[in-house]
Amino acid sequence: MLLAELELDLEVFSGPFDLLLTLVLRDVVDLLELQLAEVVVTYLDFLQARGELDLEAATEFIVLVAALLELKSRLMLAGEDDELFEFEPGEAAEELLARMLEARRYRGAADYLEGRLADQPEVRYRQAALPVSLRRRSLEDVDGAIWNPASLGRALGGLLAMPAKLDLRHIGSSRVTVGERLLHLRDLLRRVSALDFDDAVRGADRMTVAMTVFALLELYKRGEATWTQDEPFSQITIRPAASPAATG
Amino acid sequence: MEDQARIEVRPLDELARVVEALLFLSGEPVGPGELAEACEEPVEAVERALGELREQYVTGARGLVLREVAGGWTLASDPVAEPAARRLLAKPRLAALTPAQLETLAIVAYLQPVSRPEIARIRGVDADSPVASLLDRGLIEESGRSQFGAAVYRTTTLFLKLFGLQSTDGLPEVSQWDPSPEEIETLRDRLLRAGEARASGAPRDDADSNRLT
């Protein structure tokens with residue numbers, strides 16, 4: 001199994017993945033101290049190194065890590081449902097006993113079947129079944145529900161009904177336009193001789209900030225304003241083009 | 001068993017001949033109801049014909065035996081032919097079942113329909129391989145899905161034929177293989193001691209263990 005080859009080098013453990021599992025299950029390695037993210041990162045590196053994705057191994061890995069995660073999160077939430085997984089020795093013994101008895105019951109049944117099989121006369125039956133085309137079928141052989149016209153009607157009815165219109169209101173759409181931001185900038189520029197870009201977009205979301213930049217570019221193109229920025233990411237100062245203080 | 005000395009060539013009733021032919025043609029056991037329908041005769045008449053056939057097929061009379069299994073009647077080879085059949089067909093009548101397969105088969109036989117996870121839970125080990133072998137050998141088959149979407153299995157007609165059963169209702173009561181109360185008590189004691197040994201270090205709760213012994 002490929003997964004067994006996965007070598008881990010973690011803070012609390014170093015060795016193959018399957019050994020880690022064994023140690024966790026035996027309480028030798030404390031799951032609470034184990035950084036599962038490290039395990040996942042190691043696995044991803046491992047996958048990259050191999051250059052191929054073995055779906056079966058990947059599935060196994062996901063299942064195991066999910067189980068570990070669940071176990072760990074339960075441990076971290078200890079106190080709320082302690083009794084669910086922390087048995088008293090007596091309770092654990094009862095649980096185990098019930099399982100052993102059940103298993104033993106069917107082992108007994110298995111022994112019986114084995115004996116019964118051995119005691120059967122050595123007869124042989126014809127093994128070739130009739131070809132399907134020659135077999136006679138009666139309606140009683142078929143599950144009645146399949147032939148129930150009402151269920152066919154319901155299925156067709158379901159297909160014919162128009163589905164309810166999807167409610168898309170929860171999907172946010174950009175409500176800000178370049179035109180609005182243009183008006184906003186012009187309004188601000190009418191009142192001051194120089195304007196800090198940050199002030200123009202204070203409290204605005206990313207989309208609005210982006211639209212404001214477009215509006216600014218538009219103003220510049222139309223010769224209505226100029227802007228200066230001393231270095232990347234520093235303050236942007238906007239001035240109306242007509243202002244005598246404009247330096248270009 | 002009938003007196004074997006009385007074997008003689010005696011023409012069969014026409015209906016008995018038809019029933020015999022149908023059993024010869026059919027690969028699976030056929031019930032009296034089905035036979036009656038095919039022959040367009042009342043079930044009682046078919047039962048009489050089957051009785052006549054039974055006399056003819058009394059063990060030791062012919063190379064075939066008439067067997068009542070899986071809720072119907074079927075023809076099978078006489079055990080006397082088995083060594084020769086083995087040489088002719090080069091295929092064992094039934095390859096031995098492993099203990100894991102037998103256990104799995106027992107669980108399916110008693111609890112059907114039952115899912116693979118449930119089988120694994122009872123046996124305490126993974127059931128994939130024995131389930132696959134039993135499916136492959138035609139002893140069990142899928143019979144739908146559980147409410148959680150897992151495939152559930154049941155035993156097949158072949159199972160009934162091989163184990164000489166009329167139906168799974170004919171299996172003995174399963175609780176007879178439960179250990180005796182004394183054995184259960186011994187087991188419980190051993191488990192408790194093991195549990196306490198493991199929990200040593202943690203404060204021991206004697207009242208609790210006393211309650212269970």
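Modeller: Chain B of this predicted model has a mean pLDDT of 82, and 87% of its residues reach 70 or more. Over residues 202-213 of chain B, pLDDT stays under 50. The model has 17 contacts beyond four places in sequence for those residues. Where pLDDT is low, the predicted coordinates should not be read in detail. For the complex, the predictor gives an ipTM of 0.73 and a pTM of 0.50.

Start with the sheet. Three strands of chain B form an open sheet, in the order β3-β5-β4, and the pairing is antiparallel. The edges are β3 (114-115) and β4 (140-145) of chain B; each has a single partner strand, so one side of each is left without a neighbour in the sheet. A helix lies against this sheet: α5(B) packs on it and touches β3, β4 and β5 of chain B. The direction of α5(B) makes about 90 degrees with that of β5(B). As for the pairing itself, β3(B) and β5 (residues 151-155) of chain B run antiparallel and are joined by two bridges. In one of these pairs of positions, S115(B) has V152(B) in β5(B) as its bridge partner.

Next, a helix pair. Two packed helices are described by the angle between their axes and the distance between the axes. For helix α1 (residues 14-25) and helix α3 (residues 43-56) of chain B, the axes come within 8 Å and cross at roughly 80 degrees. Angles of 65 to 115 degrees count as roughly perpendicular, so α1(B) is roughly perpendicular to α3(B). On the α1(B) side, the residues in contact are L15(B), A16(B), V19(B) and E20(B). They meet A45(B), V46(B), A49(B), L50(B), E52(B) and L53(B) in α3(B). By class, that contact has eight nonpolar and two charged residues, with no polar ones.

Now the partner. The contact between the chains takes 42 residues from chain B and 35 residues from chain A. On the chain B side, the elements that give two or more residues include β1 (64-69), β2 (72-77), α4 (82-89) and α5 (99-111). Also among them are α6 (116-123), α8 (157-162), α9 (181-199) and α10 (206-212) of chain B. The largest share, eight residues, comes from α9(B). By class, this side has 23 nonpolar, seven polar and 12 charged residues.

Chain A sets the context. Chain A has nine helices and five strands. Of its 248 residues, 12% count as buried. Chain A averages a pLDDT of 77, and 80% of the residues score at least 70. Confidence in chain A is lowest in helix α4 (residues 82-85), at a mean of 52, and highest in β5(A), at 89. Over residues 243-248 of chain A the pLDDT is below 50, and this stretch has nine contacts beyond near neighbours in sequence. The strand β5(A) belongs to a hairpin with β4(A), with six residues between them. Five bridges join β4 (residues 225-229) to β5 (residues 236-240) of chain A, and the two run antiparallel. One bridge pairs Q229(A) with I236(A). In the turn, F233(A) has a positive phi of about 70 degrees.

How values were computed:
Residues numbered from 1 in each chain as written. Chains lettered and ligands numbered in written order. Predicted model: local features only at pLDDT ≥ 70, side-chain atom pairs only at ≥ 80, totals over all residues. Axes fitted to C-alpha atoms, helices over the stretch in contact; angles between N-to-C directions. Helix = DSSP H or I, 4+ residues; strand = E, 2+ residues; numbered from the N terminus. Parallel < 35°, antiparallel > 145°, perpendicular 65-115°, else oblique. Contact = placed C-beta atoms within 7 Å. Nonpolar A, V, L, I, M, F, W, Y, C, P; charged D, E, K, R; others polar. Buried ≥ 20, exposed ≤ 12 C-beta atoms within 10 Å, placed from the backbone. Pairing = 2+ DSSP bridges. pLDDT = per-residue confidence, 0-100.
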